[in-house]
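Please have the sequence and the model open as I go.

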Amino acid sequence: MNPISRKPVEVKRRRRSVHVGALACLPLFFPLEGRKVLLAGGSDAAAWKAELLAAAGAEVHVFAEALDPEFEALMTSGSVKGCFVHHDRHWNSRSFAGMSLAIADANDDQEARAFASAAKLNGVPVNVIDNPPFCDFQFGSIVNRSPVVIGISTNGVAPILGQAIRHRIETLLPVSLQDWAGLAQRLRAKTLQMLKPGGERRRFWEMFSDLAFSGKTGPDGDEDRLGTELMQLAGTDRPGHVTLVGAGPGDAEYLTLKAVWALQSADVILFDDLVDDAVLELARREAKRLLVGKRGGRESCRQDDINEMMVNLAHQGKHVVRLKSGDPMIFGRAGEELARLAEEGIPASVVPGITSASAMAARLGISLTHRDHAQSVRFVTGHSRQGKLPETVDWSGLSDCATTTVFYMGARMAGQISDRLICEGLPPRTPAVALSGIATGDEARWTGPVEDLASGVAGLGLERPVLIGVGSVFENTARLSVSPDLSTRPAGDFIERPVQTG
């Protein structure tokens, strides 16, 4: 049955309150270049703070009668932006004169209290390392792409959590961002001089940001030439382009970095019904989201309408992201869309995604090409354009016991698939699996012989997409199934609903 045509639906984000929620602390960025900072203590902990302060350009006055070897090596390395002044004595009240900040590694609360009191009497913000009651400010976790600097604070209650957040952000920001940010600093004055306020400057920085997140290591060749070319483009209508992006099977953590970068630079996102909301949450906040739902047997947008939308939006100068479940190049109609864009001369690119078969194998803990069971793997559509079992498929080849076959979009055809495979010679007791809602919160599975495939899929229901696997690699699926990675995933992420097992 052909799906009923429908118009795209714009999905708007919920309006946020204009009021700022309660903050545990106010994040500030404090320039220290050329300023004096008092640091009391010569321990390893104090050395780490000294290196951080000097990296920001501070003149760090170290008050300590003895220094740990690493601290001594740091002070003589000459590899930091700022400088060190070692005072071979204990601090006193006069030590705070002219200081912008005061930091101490105190041995006990008595010393911490004395240091904090002296700093406050002199009007100097104070931090006692690992002793929050005596701190006016805290050091957070830092993502350094200077001049881009990102600070993360948990207000001192969970430093390890702050570090984990930093690791996540680090993976999203290319290391080359530091070079691009430095170039932005050098081009800023020229853009203010050459470009008109408003649209021209915004277009320039949008194009510049796209380049910064494109994966390029830095500007090729002459920086002035690049800046001039971008400014010329900013003064004209920006050419549009389309990116076909694979959203993976469900879990937003299966997205590639390139997919995230594409979402964060999109003007418009055309997404399918199967794309999880958590994936859309990673998109640029200002991006318009249009649901162009495509679901077998349901009301859907026609492919021709989607193609025309991409063309029209690109001609308006938009960056259009066509967001597809799984991988756009596997049963995703990407070939038709790319051909239509090529006809119009619209530049297009593809960001591959994790296809459902790969996610299924990972969730089950099996190899689709285990050398003891299968020497080939095939991905097959479960229905033809007419909504029937495809007749152009080599069914006799699929009945080969040394082949693993994965059927996409085959839930409604499960009984016919089973009958046809058995008719072609596949043993009725050949292991089979069916997974519904792969890598989502309501994932469910059935395992059993291929002869029971119809009843097994029926038990899963048709509310979520179902993937069917057939072959001897699935023989020990129940024993080999892997658990979710609790170190990276919230509790309750994986649910295996009880269904009939053959």
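This is a predicted model: local features need pLDDT of at least 70, side-chain atom pairs count only at pLDDT 80 or more; totals for chains, interfaces and linings use all residues.

Strand β16 is mostly covered, with six of its six residues buried, where buried means under 20% relative accessible area, exposed over 50% and partly exposed in between, using a 1.4 Å probe and protein chains only. From β16, Pro 431, Val 433 and Leu 435 point one way while Ala 432, Ala 434 and Ser 436 point the other way, and all are buried. Residues are numbered from 1 along each chain as its sequence is written, and side-chain values use heavy atoms, with hydrogens and water left out.

Now to the neighbours of β16. Six bridges join β16 to β17, and these two strands run antiparallel; in β17, Pro 449 is the bridge partner of Pro 431. Five bridges join β16 to β18, again with the strands running antiparallel, and here Val 433 stands opposite Gly 469 in β18.

What is the order of the strands in the open sheet? It is β14-β15-β18-β16-β17, five strands with mixed pairing, where two strands pair if DSSP finds at least two bridges between them. The edge strands, each pairing on one side only, are β14 (376–381) and β17 (444–449). Strand β15 (residues 403–408) is joined to β18 (residues 466–470) by three bridges, and the two run antiparallel, with Thr 405 opposite Val 470 in β18. Helix α15 (residues 453–460) packs on this sheet, touching β16 (431–436), β17 and β18, and its direction makes about 170 degrees with that of β17; contact here means heavy atoms within 4.5 Å.

Let me close with a helix pair. Helix α1 (residues 44–55) and helix α2 (residues 69–77) pack at an angle of about 20 degrees, with their axes 8 Å apart, the axes being lines fitted to C-alpha atoms, for helices over the stretch in contact, and the angles running from 0 to 180 degrees between N-to-C directions. In this contact, Asp 44, Ala 46, Ala 47, Ala 50 and Glu 51 in α1 meet Glu 70, Phe 71 and Leu 74 in α2.

Methods:
Helices (H or I, at least four residues) and strands (E, at least two) are DSSP runs, numbered from the N terminus.
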